[in-house]
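The questions below go through one protein model, from the overall fold to single residues. Each answer ends on the value or name asked for.

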Amino acid sequence: MTRLSFSQFDLQTFRRQVRIFQGIWRASWRPAALVLAILLAVCAAPAQQDEKPKIPGLDKIISANEHLAYTGTVKSVDEKHNILSIDSVEGGDTEIFPIKHSTHVETTDGYRKKLDVLAPGTRVIVYYDQRADRRTVTRIELLASESKKKEAQP
């Protein structure tokens, strides 16, 4: 039997411990990496979802204008309160639009008219912008058949 000196014994012990550590590391790094990858995927998943903001009213502030049109017959024009009531073509529905004295009323030919032409029973197309719950009338177009009837009457 050979006798080992203290330095040789210490070196062999060190090498044996390194081999043991390497074996443990080789056996455990793959599961640890797998767990880390799963955690990263789970944490990153909510960041990819596109959700609406949770702050009340924020969607009304950041929403864009919608350019819309409504066709119907004039029910009434209240110039004192700046309100235009339009009955739907299909019937049954009445829509209320805010108007201004500067609101453009045009014929299908492109001629401008005053708000006085909007008498009850006149068929019109109202072009307006809708932002949240607020409407802004951009222009009102008189339909050709109605505008010709109005001009033909004395």
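Helices (H or I, at least four residues) and strands (E, at least two) are DSSP runs, numbered from the N terminus. The model is predicted, so local features need pLDDT of at least 70, side-chain atom pairs count only at pLDDT 80 or more, and totals for chains, interfaces and linings use all residues. Residues are numbered from 1 along each chain as its sequence is written, and side-chain values use heavy atoms, with hydrogens and water left out.

Q: How many helices and strands does the protein have, and in which pattern do they follow along the sequence?
A: The protein has 3 helices and 7 strands. Read along the sequence, they give the pattern α-α-β-β-β-β-β-β-β-α.

Q: What share of the residues of the protein counts as buried?
A: Buried means under 20% relative accessible area, exposed over 50%, and partly exposed in between (1.4 Å probe, protein chains only). The protein has 154 residues, and the share of them that counts as buried is 19%.

Q: Among contacts between residues at least 6 apart in sequence, what share joins residues at least 24 apart?
A: A contact means heavy atoms within 4.5 Å. Among the contacts in the protein between residues at least 6 apart in sequence, the share that joins residues at least 24 apart is 50%.

Q: Which residues form the aromatic cluster?
A: Rings of Phe, Tyr and Trp (its six-membered ring) pair if their centres lie within 6.5 Å; planes under 30 degrees apart count as stacked, over 60 as edge-to-face and the rest as tilted. By this rule the count comes to 2 aromatic pairs. One of them is the tilted pair of Y70 and F97, with 5.8 Å centre to centre and 50 degrees between the planes. The cluster is made of Y70, F97 and Y128.

Q: Are Y70 and F97 buried or exposed?
A: Y70 sits in strand β1 and F97 in strand β3 (residues 94-98), so the pair links parts of the chain that are 27 residues apart. The relative accessible area is 14% for Y70 and 0% for F97. Y70 is therefore buried, and F97 likewise counts as buried.

Q: Which residue meets R135 in a salt bridge?
A: A salt bridge is a side-chain nitrogen of Lys or Arg within 4 Å of a carboxyl oxygen of Asp or Glu, and by this rule the count comes to 3 salt bridges. In one of them the N to O distance is 2.7 Å. The pair links distant parts of the chain, 40 residues apart, with R135 in strand β7 (residues 134-142) and its partner in strand β3.

Q: Which residues do salt bridges that share partners join into one network?
A: R139 and E106 meet at 3.4 Å, N to O. R139 lies in strand β7 and E106 in strand β4, so this pair ties together parts that are 33 residues apart in sequence. R139 also forms a salt bridge with E141, with the closest N and O atoms 3.2 Å apart. The network consists of E106, R139 and E141.

Q: Which backbone oxygen does the side chain of T122 reach?
A: T122 is in the loop between β5 (112-113) and β6 (123-131). With a relative accessible area of 1%, T122 is buried. Its side chain comes to 2.8 Å from the backbone oxygen of A119.

Q: What is the phi of N82?
A: Most residues other than glycine have a negative phi. N82 is not a glycine, yet its phi is positive. N82 lies in the loop between β1 (66-78) and β2 (83-88), and at 27% relative accessibility N82 counts as partly exposed. The phi of N82 is about 55 degrees.

Q: How far apart in space are T108 and L142, C-alpha to C-alpha?
A: T108 lies in the loop between β4 (104-106) and β5, and at 38% relative accessibility T108 counts as partly exposed. T108 and L142 are 34 residues apart in sequence, and their C-alpha to C-alpha distance is 6.4 Å.

Methods: A polar contact is a pair of N or O atoms within 3.5 Å; within protein, one must be able to donate a hydrogen and the other to accept it, and residues adjacent in sequence count only if both atoms are side-chain atoms.
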